[in-house]
Amino acid sequence: MSICRGILSLRLKGPINLISRWMSYNVMHPGRHGESYGDVQIKNKNICDHSKEGILKIVGNLISKPHPENEPFTVAEYGAADGSISMELMTDIICLIRSKCGKNKEINIMYEDLPMSDFNSLHKRIHGIIPNPRSYLLDHENVYVTSTGTNFYKQCFPSNSVDLALSFTATHWLSNKVDIFDHVYPYFTQNKDEIDALEKQAADDWVLFLTKRTKELKPGGWGVFSTLGTRDATEGKPAFVAGQDILNKLNEVWNRLFSRGIITKAELKRGTLGFCLRSPRQIEEPILDSIEIQNGGLKLHEIRLDTIPYFLEAEWNEMFRQGNKEREAFARDFLKYLKTPFYSTFYEALEGQRNEEQKLQICELLFKEARDFFLSKYPSEFDIDYIVTTTYVFKE
Ligand SMILES: C[S@@+](CC[C@H](N)C(=O)[O-])C[C@H]1O[C@@H](n2cnc3c(N)ncnc32)[C@H](O)[C@@H]1O
């Protein structure tokens, strides 16, 4: 039986299982069993590295002020996945503190992610059982590591306990999904009412995230939150969303599955991504409007908007320049990279009554068709630059 006929012959009955969808659209899916987030996504480090200089400057300033002798310097990372992306940054932070405060200064590194996250790989990496990138714990004493499977829309650590709060490529995930028919990336909807509701949710979530961090930060502590974003429209130039060609292609393929009768209308709608790639305006306005943030003493220092060339594009352009025209390898790498953040959304969109095999077949079909498109292209043929926003805040 063909995949399509198998899927089409399925009869759907009863309500979908909402419980299993709780916050699961944002679970990362690195691929094969045994593969961890950093095995596939290590190049996201480009985004983390981008703000490294600014972060180290903040740490330098923080430790130049009198820091209570027997109080650890505490770094918290939110949406940390398996800790691979920030490993080198954490090492640099530790080295800087060691160089200024000596080897006895206690350093506390606290990782946060969702309860379903792969904490096993995080701890294996921190203890060097997964050896690359090299863990700081192998080279430094008096460094204490803890992790919590919480949800960064809640308070995750005790009040006034954090010197430096960090997050990379995570704060665009929303606390809840708003499903729409128009597009897999909801902010591309043409419906004005939907846009207003979506904008409100993104603003409320951002304020909620910052309000919780405000509680956790020590007075004088800093937060640096970097993630993919949108460049606002300017005169004559439309807004540009990080990776927008990818979002449009996924939308096209998902819609094609619906028009071919492979997925239902309800599934089409539920295949909506639960994130907002905020623009500097969407980052700044909610902060300035929030009494709660102001009362908590959190101040906005700076919002940076940078364009980082998409790493695969740069790599493959270089290979093409050297005469290697391996489209297959490009499409394969690209798809693996895309699946990690997107797979769960589409998997969770499928009706609860479908059996596991059918769900896997539909997801494979979606990503195979996206892969076939990329297979027919060269990286330079589509616009996938990374727009990265970095928000610097401090608590008075
Ligand atoms: C794209 S990964 C980024 C991981 C890593 N920080 C990096 O720089 O590549 C997004 C991470 O955010 C986490 N995440 C999404 N929503 C979250 C939430 N509400 N609370 C905590 N973590 C969340 C996901 O589980 C995932 O590990």
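These legends describe close-up views of a predicted model.

In this predicted model, local features need pLDDT of at least 70 and side-chain atom pairs count only at pLDDT 80 or more, while totals for chains, interfaces and linings use all residues. Residues are numbered from 1 along each chain as its sequence is written, and side-chain values use heavy atoms, without hydrogens and water.

View 1. The ligand is surrounded by 19 residues, each with a heavy atom within 4 Å of it. The closest are Tyr37, Gly79, Asp113, Phe152 and Phe168. By class, the shell holds eleven nonpolar, five polar and three charged residues. Here Ala, Val, Leu, Ile, Met, Phe, Trp, Tyr, Cys and Pro count as nonpolar, Asp, Glu, Lys and Arg as charged, and the others, Gly among them, as polar.

View 2. The pairs shown are N or O atoms within 3.5 Å. A polar side-chain atom of Asp113 lies 2.6 Å from a ligand oxygen atom. A polar side-chain atom of Asn151 lies 2.9 Å from a ligand nitrogen atom. Phe168 uses a backbone N or O atom, 2.8 Å from a ligand nitrogen atom. Taken alone, the ligand exposes 590 Å², and the protein buries 97% of that (Shrake-Rupley method, 1.4 Å probe).

**View 3. The largest nonpolar core.** This core has 57 residues. A nonpolar core joins buried Ala, Val, Leu, Ile, Met, Phe, Trp, Tyr and Cys residues through side-chain atoms within 4.5 Å; buried means under 20% relative accessible area (1.4 Å probe, protein chains only). Trp254, Phe334 and Phe342 have the most contacts inside the core. Its largest share, twelve residues, comes from α13. Helices (H or I, at least four residues) are DSSP runs, numbered from the N terminus. Leaving aside neighbours within four places in sequence, Phe342 is in contact (heavy atoms within 4.5 Å) with Ile246, Leu247, Leu250, Leu273, Phe275 and Phe367. Apart from this core lies another, of 33 residues, including Tyr37, Ile63, Met87 and Phe119.

**View 4. Thr345 in helix α13.** Thr345 is found in α13. Its relative accessible area is 1%, so Thr345 is buried. Beyond its neighbours within four places in sequence, Thr345 is in contact with Tyr25, Lys177, Arg270, Gly271, Thr272 and Leu273.

**View 5. Helix α12 and its cover.** The buried residues of α12 are Phe311, Leu312, Glu313, Trp316 and Phe320. Their cover includes α3 (45-50) and α13. Gly323 follows α12, with a positive phi near 95°.

Definitions and conventions. Polar contact = N/O pair within 3.5 Å; in protein donor to acceptor, adjacent residues only side chain to side chain. Buried < 20%, exposed > 50% of the residue type's maximum accessible area, 1.4 Å probe, protein only. Helix = DSSP H or I, 4+ residues; strand = E, 2+ residues; numbered from the N terminus.
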